[in-house]
Amino acid sequence: MSSQIADAIVVSRHAVVASLGFVFASSALATAQRSPAQLAIIPPRASHIADSVLKLMTLEEKLGQITQSPAGFDQTGPTVDAAGEQQVRKGQLGSFLGLYGADVTRRMQKIAVEESRLHIPLIFGYDVIHGMRTIFPIPLAMAATFDSSAAVRATRVAATEATALGLHWTFAPMVDIARDARWGRIIEGAGEDPYLGSVMAAAQVRGFQGDNLRSPTSVLATAKHFAAYGGAEGGRDYNVVSVSERDLWNVYLPPFRAAVRAGAGSFMASFNEINGTPSHANDWLLTDVLRKQWDFRGMVVSDWTGVWEMIAHGLGDSLTVAERALHAGVDMEMSSTLYRNKLGAELRAGRFPIVLLDTAVHRVLTVKAALGLFDDPYRGASADRERTQILTAEDRAQAREIAREAIVLLTNRTVGGTPALPLRRDIRSIAVIGPLGADSNSVLGGWHGAGRKEDAVSVLDGLRRALPNADIKYAAGVGLDTVPVEGPVNTPAIAEAEQLARAADVVLLVVGEAEQMTGEAASRSWLGLPGAQHQLAQTVVRAARASNPSKPVIAVLVNGRPLAVQWLADSASALVESWHLGVEHGNALADVLLGDVAPSGKLPATFPRVTGQVPIYYDHKNTGRPPVEGVKWNSKYIDAPVTPLFPFGYGLSYTTFEYSNLHVSKPSLRGSESVTLSVDVRNTGTRAGTEVAQLYLRDDAASVTRPVRELRGFRRVLLQPGQSQTLTFRLDPDDLAMYDRDMRRVVEPGAFTVWAGGSSAATLEGHFTVTGGVTVLAPAPPRFR
Ligand code: NOJ
């Protein structure tokens, strides 16, 4: 460590030690909570238990307590080797990652609580993201439901299954806002919008944690990756993020704030840096914002080897990065072991403040106590629950219902006088074509916990079950290659697909991304169809049309990110976005294709026309030269439109909806007042359907630039044909607020516009004016550094 850095650490250590000492030691502050949900999840009793245990611990036990080891894996499932067992016995490990199964977790816990000196229970964590065994739609698809109750229900099932298998802690929800679909991890979050992202973040926290963290069916939730991980430059995973303080507060931090307010008991630091500081060393983020401003009471875990990775970030040697992480507020180190192996000597020699270690250990123990582990270390883990509460018929029914809601109908053309979808039940023959048509692994999605492909229903299986009398044939046509193929492709497999397309009454073209093309470390530079799938689509559409110009060719996307599929959208009779929907994928898709349920999903992220448009998102700022067609000197491309293929919030149904009478309760109000908007939504079609009505807001003129519009409310509403309903939305001062030049949260006087409709392109507008002076809702947050 250079002497300058060392000095800086010593100076900042004093400040941090003083402040952490305050948070940790002051019982007055502990009861004077500003966040009721945090207090409910981490009650004072838990902190008292931690106090009493901490006093008894040796330095080695403390360092072990803040260390988490990954489990091994063999034919029987997750395991622990002899060395791991020995660490547990010696009290030198606080947690396992990826160890699940009632039997193995109970066995390890028994060693911890019966053979270790202080009998401190282990905490078992795992990535239970969109299901444990009953796999639900990927989080991006879950966001497409615009249904927070669906997110609560899915995470409740996941928590119940996870706890039966011995887990206490999930590394979810992932609440990173993502506006660049090249980034593979867009699959794991709620998409591009901070408002929708906040609603979904809070819902998932509530579902995972339940009403009471001590319940044997509750798991501790982790809001991750703190923060701005989704802003990776070039969409390349783990990359640097260049973000302004203002965008951080407006875009990336709101879902994390919502997670804290919902009571999230744990946070995970992100791999990226912001403003020159990797999150694992970012005391501004982890302490000033998270703990001091937001009153977060839980624990912070590193993301995998994120502490160690700061050596490669260029922050110094292994001791330096371990010190920086602990000092910043990373309480537990996942997978790498610099805390356990590097800090001992420094602490013993008094060169590193013991209070920093004690604070981290105290937080880990407090969370364990809040989970009730000191009272019942085995909690929900039971062979009986494993048998009876996993992959139940009710869970599958929930998964099917939610999966249906997540499907987004993107186009639906009229062929032969009727819309291509829904399909008629009396179809005689269907050709299912495409490499994802019979794939029961990819439909499980990127984080499928203990999910198994044997449990999952592929598109082909779902259709065959729904139409047992139809002749349904399948041809993959091409393989699941990642790199796009250029030029024509002529293979026997494509010829076979072509032949099926000619012969069948209806073609279902199932294309998109395999599971491994999405998620972590799966960034793509090209958002078209991978491999030779585009060539397959062209061949099949041509062959089908040649045999019968009005033959429906239904294109179904099975994928984990917005794709640039302009040709497919223009050429297929209908285009359906089915994401990766989990174990019930094929059944849910068949329900929608056959019209048992009308589609109601809406896009949680903008679909570009071409890859070069990304990052693309609806709530962008205007430039001084907004794009005007046919005029050169303004903000656009010379070789592609600036408009998206499909905008945020967009999705069709089998019926149509009309919006009218957007009414503003007060045309003029003070900045401290609320305003209510009402709008009539009418089903103008001939069948029942659910619409996601959306409300957008713009501050027309402000002291700093504001987005062209921002989502401020949405409501799912089921309407019978001809039925109309008046929906109301209340906007409170915080909904109208913005950060001013000094980063104060204010409502400024002036004109506001609202829009109501079925997507971010809604055109029905209303207006109101805020009068009087500037209303200050909150002072500026801690100084960005
Ligand atoms: C790395 C990922 O970034 C994170 O999301 C996950 O929770 C950990 N690995 C543990 O699997």
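This tour moves through the model selection by selection and states what is found at each stop.

The model is predicted, so local features rest on pLDDT of at least 70 and side-chain atom pairs on pLDDT 80 or more, while totals for chains, interfaces and linings use all residues. Residues are numbered from 1 along each chain as its sequence is written, and side-chain values use heavy atoms, with hydrogens and water left out.

**Stop 1**

Select residues 67-70, which form strand β1; strands (E, at least two residues) and helices (H or I, at least four) are DSSP runs, numbered from the N terminus. Two bridges link β1 in the parallel sense to β12, residues 333-334, where Glu333 stands opposite Thr67. Strand β1 also runs parallel to β4, joined by three bridges; two strands pair if DSSP finds at least two bridges between them.

Now select Gln68, a residue of β1, together with Ser95, its bridge partner in β4. Their C-alpha atoms are separated by 4.5 Å, although the two residues are 27 apart along the chain. Their side chains also make a polar contact of 3.0 Å. A polar contact is a pair of N or O atoms within 3.5 Å; within protein, one must be able to donate a hydrogen and the other to accept it, and residues adjacent in sequence count only if both atoms are side-chain atoms. Gln68 is buried, with a relative accessible area of 0%; buried means under 20%, exposed over 50%, and partly exposed in between (1.4 Å probe, protein chains only).

**Stop 2: helix α7**

Select residues 102-115. Helix α7 has 14 residues and spans 19 Å from its first C-alpha to its last, close to the expected 20 Å, that is, 1.5 Å times one less than its number of residues. Its buried residues include Val104, Met108 and Ile111. Among the elements against which the buried residues of α7 pack are β4 (95-97), β5 (123-126) and α9 (148-164).

**Stop 3: Tyr339**

Proceed to helix α16, residues 338-348, and select Tyr339. Is Tyr339 buried or exposed? Tyr339 counts as buried, at 0% relative accessibility. Beyond residues up to four places away in sequence, Tyr339 touches Leu63, Ile66 and Glu333, among others; contact means heavy atoms within 4.5 Å.

**Stop 4**

Display the open sheet of six strands in the order β13-β20-β19-β18-β16-β17, which has mixed pairing. Its edge strands, β13 (408-412) and β17 (471-475), each pair on one side only. Within this sheet, neighbouring strands are turned by 15° against each other on average, direction ignored; the axes are lines fitted to C-alpha atoms, for helices over the stretch in contact, with angles from 0 to 180 degrees between N-to-C directions.

Strands β18 (506-512) and β19 (553-558) pair in the parallel sense over six bridges, and Ile554 in β19 is the bridge partner of Leu508. Leu508 and Ile554 are among the residues touching the most other members of the largest nonpolar core, which has 118 residues. Such a core is a set of buried Ala, Val, Leu, Ile, Met, Phe, Trp, Tyr and Cys residues joined through side-chain atoms within 4.5 Å.

**Stop 5: Glu710**

Finish at Glu710, in strand β25 (710-719). Glu710 is buried, with a relative accessible area of 14%, and a polar contact of 3.1 Å joins its side chain to that of Arg706.
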